[in-house]
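Subject: Structure handover

Hello,

Here is the structure you were expecting.

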Amino acid sequence: MTTEMKKMVLVVAAFVCVLVVGAYAAHSDYGCDSCHTPHNAEALVGVPLWNGSETMKSFAGKMYTSTSMDAVTAEEPDGASKLCMSCHDGSNGHTYIGTHTKIDYDTGSPIVDDDGNPVNFAPTAWEDLSNSHPISFVYDEQLALDDGGLKNPTEDSGLGGSIADDMLDPAGKVQCTTCHDVHTSGVGENLLRGYDYFHGPNGGALCRVCHEK
Ligand code: HEC
Ligand code: HEC
Ligand code: HEC
Ligand code: HEC
């Protein structure tokens, strides 16, 4: 390779790095105070030093149910899921992460609306969780036995420890944080914990950590 070509490769590599790093910022890159507070913290299972910002909406009757599901979810999101919904119900988001302008990952330029104004980050304004993967329920060995298609949560997650250690909260529950890690940019586009989710070979690896399918 000529020196010119080497330079070219370096420039391209640096550009790709910027895109990748810039693309999927961890929530914690915007600060910690939107979730934690160093003093006068409130108690929330699985969220140390919780800042106390609650979801403004009720999800009673809007949690996932199905005729084949064995687990029983809480009536409202609890643990870290309650924290997530404080913004992902569309209520508090703009105060924190929401003050940042959205960037087009392909061009590196700010995304603008029809009037040319920059579009700000806004969390998904979910009204309903009945069409999302179930959360806020205990996943233990008994559930695996009852279901017949689930691994025992003492099994290896492939992330360093067991499913229970790496993906369940201190109460042994599945939460939003089971699949997402807000402190890392994760893999893929969705702050996913350890495994991407996509079409193609091994695209279901995240799901197969727990499901025998
Ligand atoms: C969007 C919410 C959110 C933000 C922002 C956030 N955290 Fe967290 N933090 C959590 C949740 C949820 C947990 C529970 C563990 C988990 O699921 O990752 C946690 C756990 C922790 C823990 C204890 C467990 C562990 O993983 O070590 C520490 C320490 C921590 N956070 C520090 C920070 C710091 C420092 C920042 C800012 C640089 C930060 N967090 C920003 C949500 C957040
Ligand atoms: C302080 C407000 C706030 C809290 C709390 C919060 N989020 Fe978010 N979240 C946002 C905003 C704003 C966006 C939109 C960012 C964007 O457009 O990329 C977002 C985007 C996301 C995305 C999409 C990632 C991306 O790059 O587009 C995921 C996944 C996510 N959040 C998961 C979570 C989970 C899981 C929790 C709870 C542990 C949580 N969030 C708590 C504000 C919040
Ligand atoms: C069983 C794993 C799993 C659980 C539990 C889970 N997610 Fe996700 N989430 C994913 C995967 C996989 C994607 C990417 C595929 C997609 O967008 O459908 C995603 C995408 C997202 C996105 C970005 C796309 C969008 O629809 O806006 C947000 C935001 C998000 N999740 C937030 C949450 C919140 C908040 C919770 C808890 C209420 C949660 N997730 C629970 C696996 C999960
Ligand atoms: C940490 C473990 C875990 C991961 C990872 C996980 N799930 Fe689940 N999932 C569960 C448990 C536990 C249940 C509750 C099963 C029951 O009670 O019947 C469940 C329920 C479901 C259901 C509803 C089943 C029913 O009978 O209504 C579907 C569908 C599903 N998961 C698909 C997925 C997909 C797709 C992914 C990957 C994006 C995924 N799961 C990732 C543990 C997990």
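Predicted model: local features only at pLDDT ≥ 70, side-chain atom pairs only at ≥ 80, totals over all residues.

Helix H2

Helix H2 spans residues 79-88, and nine of its 10 residues are buried. Those nine are Gly79, Ala80, Ser81, Lys82, Leu83, Cys84, Met85, Ser86 and Cys87. On the packing side, the buried residues of H2 lie against S2 and H5. Just past the end of H2, glycine 90 has a positive phi of about 85°.

The core

The largest nonpolar core is made of 23 residues, and Leu83 and Cys84 have the most contacts inside it. At least two residues of this core come from each of H2, H4 and H5. H2 is the biggest contributor, with five residues. If residues up to four places away in sequence are left out, leucine 83 touches Cys35, Leu44, Val47 and Trp50.

Aspartate 169

Aspartate 169 sits in the loop between H4 and strand S2 (173-174). Is this aspartate buried or exposed? Aspartate 169 counts as buried because it has 21 C-beta neighbours inside 10 Å, and the cut-off for buried is 20 or more. Beyond its neighbours within four places in sequence, aspartate 169 is in contact with Val45, Gly46, Gly79, Ala80, Gln175 and Thr177. Glycine 46 is 123 residues away from aspartate 169 along the chain, yet their C-alpha atoms are separated by 5.6 Å.

Ligand 1

There are 15 residues around ligand 1, and those that come nearest are His27, Ser28, Cys32, Cys35 and Thr177. By class, this shell holds seven nonpolar residues, seven polar and one charged.

Ligand 4

Ligand 4 is surrounded by 22 residues, the closest being Ser66, Ser68, Ala71, Cys207 and Cys210. Two or more residues of the shell come from each of helix H3 (141-147), helix H4 (163-167), helix H5 (176-179) and helix H6 (205-208). The shell around ligand 4 consists of 15 nonpolar, five polar and two charged residues.

Regards

Key: Residues numbered from 1 in each chain as written. Chains lettered and ligands numbered in written order. Near = placed C-beta within 6 Å. Nonpolar A, V, L, I, M, F, W, Y, C, P; charged D, E, K, R; others polar. Helix = DSSP H or I, 4+ residues; strand = E, 2+ residues; numbered from the N terminus. Buried ≥ 20, exposed ≤ 12 C-beta atoms within 10 Å, placed from the backbone. Contact = placed C-beta atoms within 7 Å. Core = buried A, V, L, I, M, F, W, Y, C linked by C-beta atoms within 7 Å.
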